[in-house]
Amino acid sequence: IDRFEPDQVDLLPAFASPLPITIIAEMLGVPVEMGPQLLDWSHQMVAMYMHGRTRETEETANRAARDFSDFLRGYVAERRQNPGDDLLSLLISAQDDGQKLSEDELVSSAVLLLNAGHEATVHQTGNAVHAILAQGDDPRRFFTSPQTTAATVEECLRFDAPLHMFTRYAYEEIEVGPGVVVRPGETIGLLLGMANHDPAAFAEPFAFRPDRADQKNVSFGAGIHFCIGAPLARLELQVSLETLFDRLPRLYLAEQPRFRDTYHFHGLESLAVRI
Ligand code: HEM
């Protein structure tokens with residue numbers, strides 16, 4: 001915040017992006033200065049999920065995956081020699097019934113955490129600031145106590161989630177609603193953003209109401225693949241949003257932001273605010 005331009009700033013690159021990558025790099029024990037490079041690799045890899053990918057997208061993603069893994073292999077080797085107080089060192093030493101993670105498992109876990117650990121949080125931060133500013137008046141009213149702050153973050157997650165669809169494949173025939181039969185091998189799209197606005201589950205689903213009695217959301221998924229980073233993401237959002245509005249309570253939108261025309265991540269193109 002101290003480094004913001006004095007009058008106007010785009011909060012996506014200046015605030016939302018640096019935080020999650022710095023935190024996940026620090027937790028894993030990967031040099032924080034590598035942040036921009038890690039982001040590049042990660043963006044090239046997640047481009048695989050996007051609609052309309054080309055052969056070039058695939059080759060770039062492959063190259064990024066190889067370079068990212070090579071970097072981590074070197075880093076894992078170094079951490080084996082000099083363990084630190086970080087997640088990578090813990091993963092190296094973790095044992096389950098005498099079995100250790102193989103090098104491939106270690107590297108892919110670290111890649112997954114670095115990739116999954118930032119992009120969704122960046123877009124959720126942007127979407128949350130946007131939703132809060134759109135309510136007008138003093139934003140500090142949404143952060144008057146730890147409970148209010150937590151409820152505000154939950155409502156931001158429900159109101160404008162950064163990930164709207166994940167898919168599952170049916171292993172066996174299942175009826176998911178009256179007359180809706182899914183056959184083995186068929187794909188089901190789980191529309192998380194839509195479930196968060198289900199009028200059967202929420203009163204006035206399109207109103208932003210952190211104090212709603214029916215507070216719940218599926219922004220982190222559900223079941224065995226429930227987001228492993230949910231507690232970290234919630235904490236990051238609680239601390240960053242409260243700090244932002246505490247330091248700059250008179251922020252307002254410099255222009256109406258537009259959502260990026262992308263599939264998979266639901267986030268803003270930019271978030272220009274005036275201070
Ligand atoms: C606001 C931020 C975040 C959102 C909205 C989010 C959302 C999700 C969702 C919806 C899934 C389930 C995917 C599925 O059902 O197939 C998921 C899985 C996952 N997330 Fe997150 N996530 C966030 C932040 C994080 C962070 C900070 C980390 C890591 C530190 C993380 C790591 C993971 C991992 C490893 C999985 C896979 C879990 C599994 O398949 O068992 N996420 N996330």
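Which residue does the side chain of D214 join through a polar contact? The partner is R212, and the contact between the two side chains spans 3.0 Å. A polar contact here is a pair of N or O atoms within 3.5 Å; within protein, one atom must be able to donate a hydrogen and the other to accept it, and residues adjacent in sequence count only if both atoms are side-chain atoms. The model is a predicted one, with local features needing pLDDT of at least 70 and side-chain atom pairs counting only at pLDDT 80 or more, while totals for chains, interfaces and linings use all residues. Residues are numbered from 1 along each chain as its sequence is written, and side-chain values use heavy atoms, with hydrogens and water left out.

Back to D214: this residue sits in the loop between α9 and α10. Helices (H or I, at least four residues) and strands (E, at least two) are DSSP runs, numbered from the N terminus. D214 counts as buried because its relative accessible area is 19%, given that buried means under 20%, exposed over 50%, and partly exposed in between (1.4 Å probe, protein chains only).

The SG atom of C227 is the only protein donor of the ligand's iron atom, at 2.3 Å. Donors are N, O and S atoms within 2.8 Å of the metal (3.2 Å for Na, K and Ca), and water is not among the atoms, so sites may look incomplete. Around the ligand there are 22 residues, and R168, S219, H225, C227 and I228 come nearest; a residue is counted if one of its heavy atoms lies within 4 Å of the molecule.

Several polar atoms also face the ligand. An N or O atom in the side chain of H225 is 2.6 Å from a ligand oxygen, and a polar side-chain atom of R168 is 2.7 Å from an oxygen atom of the ligand. With A116 it is the backbone that takes part: one of its polar backbone atoms lies 3.5 Å from a ligand nitrogen.

Next come the charged pairs. Side chains of opposite charge can pair when their charged atoms come close. The whole structure has 16 salt bridges, each being a side-chain nitrogen of Lys or Arg within 4 Å of a carboxyl oxygen of Asp or Glu. R55 takes part in two of the pairings described here. With E58, the closest N and O atoms are 3.4 Å apart; with E59, the corresponding distance is 3.2 Å. R55 and E58 both belong to helix α4 (residues 55-81), where three residues, or about one turn of the helix, separate them. E59 and R55 are about one helical turn apart because four residues lie from one to the other in helix α4. As for cover, R55 is exposed at 58% relative accessibility, whereas E58 is partly exposed at 22% and E59 is partly exposed at 37%.

Another salt bridge links R140 to D138, with the closest N and O atoms 2.8 Å apart. Both ends are partly exposed, R140 at 40% relative accessible area and D138 at 32%. Elsewhere, salt bridges that share partners tie R53, R55, E58 and E59 into one network.

The loop between α7 (119-134) and α8 (146-159) contains F142, a buried residue at 9% relative accessibility. F142 and A213 are 71 residues apart in sequence, with their C-alpha atoms 16 Å apart in space. D137 is found in the loop between α7 and α8 too. D137 has a positive phi, about 55 degrees, despite not being a glycine, and is exposed at 69% relative accessible area. E204 also has a positive phi without being a glycine, near 45 degrees. E204 lies in the loop between α9 and α10 and is exposed at 54% relative accessibility.

Finally, there is a nonpolar patch on the surface, formed by I174, V176 and V180, with about 240 Å² of accessible area together. Patches are made of residues with over 30% relative accessible area and no salt bridge, with like charges joined within 9 Å and nonpolar side chains (Val, Leu, Ile, Met, Phe, Trp, Tyr) within 5 Å. Accessible areas come from the Shrake-Rupley method with a 1.4 Å probe, and for residues only the protein chains shown count as cover. V176 belongs to strand β5 (residues 174-177) and is exposed, at 52% relative accessible area.
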